[in-house]
Amino acid sequence: MHIAVSGSIATDHLMTFPGRFSDQLVADQLHTVSLSFLVDKLDVRRGGVGPNICFGMGQLGARPILVGAAGADFGEYRDWLERHGVDTGSVRISEVLHTARFVVTTDADHNQIGSFYTGAMSEARLIELKTVADRVGGLDLVSIGADDPEAMLRHTEECRTRGIPFAADFSQQIARMEGDGIRTLTEGAAFLFSNEYEKGLIETKTGWGDEEMLTHVATRVTTLGARGVRIDRAGEEPILVGCPEEERKADPTGVGDAFRAGFLSGLSWGVSTERAAQLGCMLATLVIETVGPQEYELRRSNFVARFTKAYGQDAAAEVQEHLPESVQD
């Protein structure tokens, strides 16, 4: 399958301030704040929902097509993704804007002060999916993730017009969207991804309950945190899939993206929806055990052993036969 993944492309600059912000704030001078914090740690991570999902799919040999916009500073990031099996040929490079960037400082009490620079992400609305499809020989599915709102709308409308199956995956953008916008981006989706909290927001804003939602989308995939995932289809019993046992909990950043990477890879392999969800949960578990959304490694023997423990020998055998040769012990 040719699966395109659209979504934000960004880098995260995470800094740590050893003191407390509250100690630096003067109550009667908050209208003229001018502060500089001497930080003692800087961690630069590759991020953005599009690359996070594509990285996981690339690890599993699915060769995803990343669709998004970045700046001229994307070169090193592009090389990283290409080395890990991602097709970056459809990334638009802005001539004037930098790649989107999140800069945040965290103090000793875990309070945060951050800024998000959208930068080149705003040019994602200029990308035509037909151009992407023509380049790769057609598209079987487009996953439309959190991105420039106009880009999300354009990609969704183009998928409907051209008859390309698509997955609706709003994630961070739900908070700023109204019911009409969510309904527009949802209608006709082959898959609707959300976590449990986002599911409630979607229903509240659209006015569509569980049953009505399934008249607008074919498959609803709701991640449930440590409880796994629930998959709903009209007229069918829900599919519930649990998570493998965690070895440690290091960092939750990118866990949802990893689930989507595993799930979409399973679809590209042609396995059942349940098996695809199991693969997604396994990948999500690896990410939560690692600091950073693209820093985990797949090791065949460990992956298969843990998959067997969680889902049984038959499930593991089916998954193992699809693991690419690049996944080494």
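Where does Glu-128 lie?

Author: Happy to walk through this with you. Please keep in mind that the model is predicted.

Glu-128 sits in the loop that runs between β7 (112-117) and α3 (129-136). With a relative accessibility of 30%, Glu-128 counts as partly exposed. If you set aside the neighbours within four places in sequence, the residues in contact with Glu-128 are Arg-154, Glu-158 and Arg-162.

Ala-146 is buried, because its relative accessible area is 5%, and buried means under 20%. Not counting residues up to four places away in sequence, Ala-146 touches Gly-7, Ser-8, Val-49, Met-152, Asp-169, Phe-170, Ser-171, Gln-172 and Gln-173. For a sense of distance, Ala-146 and Ala-62 are 84 residues apart in sequence, and 21 Å lie between their C-alpha atoms.

Val-49, one of the residues that Ala-146 touches, also takes us to helix α1, which spans residues 49-59. Helix α1 packs with helix α8 (residues 255-269) at an angle of about 50°, and the two axes are 8 Å apart. At that angle, α1 and α8 are therefore oblique to each other. The crossing in which α1 passes α8 is right-handed. On the α1 side, the meeting residues are Val-49, Asn-52, Ile-53, Gly-56 and Met-57; on the α8 side they are Asp-257, Arg-260, Ala-261, Leu-264 and Ser-265. Sorted by class, this contact has five nonpolar, three polar and two charged residues.

The loop between α1 and β4 (65-70) holds Arg-63. Its backbone deserves a glance: phi of Arg-63 is near 50°, a positive value in a residue other than glycine. Arg-63 is partly exposed, with a relative accessible area of 40%.

Now for the cysteines. The structure holds zero disulfides. Cys-54 is in none, and the nearest cysteine sulfur, which belongs to Cys-159, is 15 Å away. Cys-54 is also buried, at a relative accessible area of 0%. What about Cys-281? The sulfur of Cys-281 has its closest cysteine sulfur in Cys-243, at 4.2 Å, and this is too far for a bond, because a disulfide needs a pair of cysteine sulfur atoms within 2.5 Å. Cys-281 is buried too, with a relative accessible area of 2%.

Let us end at a residue in the open. Lys-309 has its place in helix α10, residues 300-311. Lys-309 is exposed, with a relative accessible area of 67%.

Conventions:
Residues numbered from 1 in each chain as written. Predicted model: local features only at pLDDT ≥ 70, side-chain atom pairs only at ≥ 80, totals over all residues. Heavy atoms only, no water. Buried < 20%, exposed > 50% of the residue type's maximum accessible area, 1.4 Å probe, protein only. Axes fitted to C-alpha atoms, helices over the stretch in contact; angles between N-to-C directions. Helix = DSSP H or I, 4+ residues; strand = E, 2+ residues; numbered from the N terminus. Parallel < 35°, antiparallel > 145°, perpendicular 65-115°, else oblique. Left-handed = near helix turned anticlockwise from the far one by under 90°. Contact = heavy atoms within 4.5 Å. Nonpolar A, V, L, I, M, F, W, Y, C, P; charged D, E, K, R; others polar.
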